[in-house]
Amino acid sequence: MADTLLFNPRTYDPAQFDPETRRLLRATVAWFEDRGKRRLIEDYRSRAWLADFLAFAAKEGLFATFLTPASAADGKDQRWDTARIAALNEIFGFYGLDYWYAWQVTILGLGPVWQSDNTAARTRAAELLAQGEVFAFGLSEKTHGADIYSTDMLLTPDGDDGFMATGSKYYIGNGNAAGLVSVFGRRTDIEGPDGYVFFAADSRHPAYHLVKNVVDSSKYVSEFRLEDYPVGPDDILHTGRAAFDAALNTVNVGKFNLCTASIGICEHAMYEAITHAHNRILYGRPVTAFPHVRRELADAYVRLVGMKLFSDRAVDYFRSASPEDRRYLLFNPMTKMKVTTEGEKVIDLMWDVIAAKGFEKDTYFAQAAVEIRGLPKLEGTVHVNLALILKFMRNHLLHPAEFEPVPTRLDAADDTFLFGQGPARGLGSVRFHDWRPAYDAYAGVPNVARFREQADALCEFVTTAAPDEEQSRDLDLLLAVGQLFALVVHGQLILEQARLTDLDENVLDELFSVLVRDFSAFAVELHGKDSATVDQQRWALGAVRRPVADEARSERVWERVEALSGSYEMAP
């Protein structure tokens, strides 16, 4: 029986989408399957540029259909629809992160354009998409990273309503081929935030100098330099504070894509790992007969299911966001930080089982083990996103507000708010619905109930033992607290999606047994922090729980895992 929780190209039927979306998703899967595993791996190993893939995408109008908002569209199927974007992320991750990366940085490059009121630039972007061009996001710099306050890309007024731009950008995907690069800089004649500028550049212009690819990969992660690049009024996307907000809001849109790419990587690797382990005989028994192997593979499976449940539910909040409902600002860094680090754990658990097989050059797993590491480190590190998550902790845990329930959002609608998010501030005032009902709905599931005890304990911690003023400057301590809070949010959206999809409670119980262990581990980590007070240490040990064991439940979940063996093998 095919596992309906995981993406499988053999059985894939995106029936939840409209006909053109279904056609494009299936065509993408078919292109990769027709290309075959041997060619896919060889392209990865030889670091070949993605010309064939981009030609396919251009022929099908893939990027133009999925990445042109309705306000700039010239076709009825063009819209910015986060649900189908997430589905395509998963497919790209499944076949190779290089393909996803070219798409991802195109999304980032488009962010400042679709947020702009510059009609000429928007029209040009839509035309370039229709021609199959890719885009780039020129924000980070070699000496400053993505520190927007310190940009050295300088725009000098030319005396004719334009500028001459000079400076370097570093770690810019698609910088070798982008028809339009959204570049962040600052004016030389205006000090402070009012001097910020986002402008459009063309990588083919003579004043655009491509320096190198800074990584050894098919992903072209460029360093480029502009030397007296002419910037006219039609090239200006944003000025002043609006340019700053466009940078942060673009990252809000782009970072969401990392979670579903991570899911796709893990799914493909899981088919390979379980098939290998189940068919390998050691000491006269299949490797999967050993108890520790079963535990590791079952843990990997339920963690992956949790990644999918959380990400699918986060789509709904992203698509339903508005100026009055900014809950997505918590769930978004959660998808980037929590889901991608879960992906690392999933790969590591399987790698512990398949061992040397994970290095072999004819496996997808070998590249999955490398590429899964990148996603937690893109669009802000784990630490940056954990620090961001902490801004929401008190309001989320202790001060719920009333909201209408958010439905499953698979409708063919344009997500207009993503390009009208407004000022990137006021995070401490964002309110959330009560997290407890999601847990109450599954109070009869033993490990959900056990984890709920830990979540309630965290509320007690925030009320009675929260970090004081001096500790609030100790990021090392705060990050341990952030991990505990992230688990509560992770569990909440998993449970909401489980309810909407009628998830097998055996799988849910097994998943929460893992989350109980995770919470206990982070509590012990908090206990060991140098600056933890006696009360905090006492709380930490008191929050440790043992999961509820159930041999029959674990065996039922194992049967699902075992059934993955041989259920998918990429065409050679």
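This briefing covers aromatic contacts, strand pairing, salt bridges and a surface patch in one structure.

The model is predicted, so local features are reported only at pLDDT of at least 70 and side-chain atom pairs only at pLDDT 80 or more, whereas totals for chains, interfaces and linings use all residues. Residues are numbered from 1 along each chain as its sequence is written, and side-chain values use heavy atoms, with hydrogens and water left out. The structure holds 41 aromatic pairs and 55 salt bridges.

**Aromatic pairs**

- Rings of Phe, Tyr and Trp (its six-membered ring) count as a pair if their centres lie within 6.5 Å, and the pair is stacked with planes under 30 degrees apart, edge-to-face over 60 and tilted for the rest.
- Phenylalanine 256 and phenylalanine 318 form a stacked pair, with 4.8 Å from centre to centre and 15° between the planes.
- Because phenylalanine 256 lies in the loop between helix 8 (241–255) and helix 9 (257–278) while phenylalanine 318 belongs to helix 10 (residues 291–319), this pair ties together parts that are 62 residues apart in sequence; helices (H or I, at least four residues) and strands (E, at least two) are DSSP runs numbered from the N terminus.
- Phenylalanine 256 and phenylalanine 318 are buried, a term for under 20% relative accessible area, with exposed meaning over 50% and partly exposed in between (1.4 Å probe, protein chains only).
- Phenylalanine 451 and phenylalanine 519 form an edge-to-face pair, at 5.9 Å centre to centre and 85° between the planes.
- That pair links distant parts of the chain, with phenylalanine 451 in helix 16 (residues 446–464) and phenylalanine 519 in helix 18 (residues 505–527), 68 residues apart, and both phenylalanine 451 and phenylalanine 519 are buried.

**Charges over rings**

- A charge sits over a ring if NZ of Lys or CZ of Arg is within 6 Å of the ring centre and within 35 degrees of the ring normal.
- Arginine 285 lies over the face of phenylalanine 290 at 4.6 Å from the ring centre, and arginine 327 lies over the face of phenylalanine 403 at 3.9 Å from the ring centre.

**Strand pairing**

- Strands pair if DSSP finds at least two bridges between them; strand 3 (residues 163–173) and strand 7 (residues 221–231) run antiparallel and are joined by nine bridges, with serine 222 in strand 7 as the bridge partner of isoleucine 172.
- Strand 7 also pairs with strand 6 (residues 208–213) in the antiparallel sense over five bridges, and here arginine 225 in strand 7 is the bridge partner of histidine 209.

**Salt bridges**

- A salt bridge is a side-chain nitrogen of Lys or Arg within 4 Å of a carboxyl oxygen of Asp or Glu.
- Aspartate 299 forms a salt bridge with arginine 295, the closest N and O atoms being 3.2 Å apart, and both residues lie in helix 10, four residues apart, about one turn of the helix.
- Aspartate 299 has 4% relative accessibility and therefore counts as buried, whereas arginine 295, at 42%, counts as partly exposed.
- Lysine 345 and glutamate 342 meet in a salt bridge at 3.4 Å, N to O; lysine 345 is partly exposed, with a relative accessible area of 28%, while glutamate 342 is buried at 1% relative accessibility.
- Asp18, Arg79, Asp81, Arg319, Arg409, Asp411 and Asp415 are linked in a network of salt bridges.
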